[in-house]
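Student: I would like to learn how to read charged pairs and nonpolar cores in a protein model. Could we go through them one at a time?

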Amino acid sequence: MIKKALYTVTAVAAIIAPVMAAEWETDIAKAKERATAEGKAILINFTGSDWCVHCRRLKYAVLDTPEFAAYTADKYVLLEVDLPRHAPVEATELEKRKALSRQYNVSGFPTIIMTDAGGELLDGVVGGGVTYEGMKMCMDRALARQESLKEARKLSGEERAAALVAIYNEFPKRFENAAAALRKEIAEHDPQDTTGMQQQAAADAQMQELMNELSHYGTHEYQGKAKVYDTYLAKAHPLNRVRIMERKRADVIFPCLNIMLLNAKTIDDIYTAKAYVMKEAETCYPEDIREEMIQALEAQFAEPEKMLEGIKRRRR
């Protein structure tokens, strides 16, 4: 009797499990179209399915659970943006996914973003350690923020700007860079700049110009991208200077350094790589931390012979 009961429970679970599984889109345009038609928000999962342990943990512990599927069913259209390292992805599709990651300033995996049907940022969470309860709290907050934005946009002029600023100030700091459209809207409704957003909007516009110019270069066209970064560093808005330095280090300097070291065959190659990164460090770190970072780089090259030997071992 007990075995029969267990069999029945298992069979029922097998039948209802597919119903409880969340449905994920893979195309942002389709997700927006569905969200608009169904009156829902969008939840985007930026993941690395074949290399990110924390992504897999989040998928197992939260995103694949019946609780998550049930909660999001009538509230969110789900979108997975997968950036694998080994699985083949058509080049155009991969670039679309990377562009979406850049749009929302995704720098860590997994990153979960909640947006409205038009793609406006509402909230987000980074890391695979979040529980279902923590995710639900974030999703609830995003939906409440969506309603607050709708109410604020019924106002006009400085009153609207003030209401939007109050909402903006509650955004998670980690996602501020992805809220450029909201900063621009606040500035447009506050010509006297009582909110202080005019400068933020001007800085955002310059960063968008920079990103537009960089979009003409491929991932490994480092020389061309370096010239673009240097041009913008020379005329950087005060709010952008550190941001541009950070982007150049991540997008050009350290990728180039890694390539130089991976291909190093002699001690002279190590010294050439060191000279390159030391020269760049003079202009790509803010003054308050520049000396400290230069010392840290010096320490990494303290034993060039040992470094070269380690590189050769990894190549074997």
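Student: Is E298 buried, partly exposed or exposed, and what is its relative accessible area?

Tutor: Keep in mind that this is a predicted model. E298 has a relative accessible area of 36%, and because this lies between the cut-offs of 20% and 50%, E298 counts as partly exposed.

Student: With which residue does the side chain of E298 meet in a salt bridge?

Tutor: Side chains of opposite charge can pair when their charged atoms come close. Here the side chain of E298 meets that of K274, at 3.0 Å from N to O, and the pair links distant parts of the chain, with E298 in helix α13 and K274 in helix α12. K274, at 21% relative accessibility, counts as partly exposed.

Student: Which residues touch the most other members of the largest nonpolar core?

Tutor: In soluble globular proteins, nonpolar side chains tend to be buried together. In this model the largest nonpolar core has 50 residues, of which F68, Y76, M114 and M135 touch the most other members. Helix α6 gives the largest share of this core, 8 residues. Apart from this core lies another, of 31 residues, including C256 and M307.

Notes:
Residues numbered from 1 in each chain as written. Predicted model: local features only at pLDDT ≥ 70, side-chain atom pairs only at ≥ 80, totals over all residues. Heavy atoms only, no water. Core = buried A, V, L, I, M, F, W, Y, C linked by side-chain atoms within 4.5 Å. Buried < 20%, exposed > 50% of the residue type's maximum accessible area, 1.4 Å probe, protein only. Helix = DSSP H or I, 4+ residues; strand = E, 2+ residues; numbered from the N terminus. Salt bridge = Lys/Arg side-chain N within 4 Å of Asp/Glu carboxyl O.
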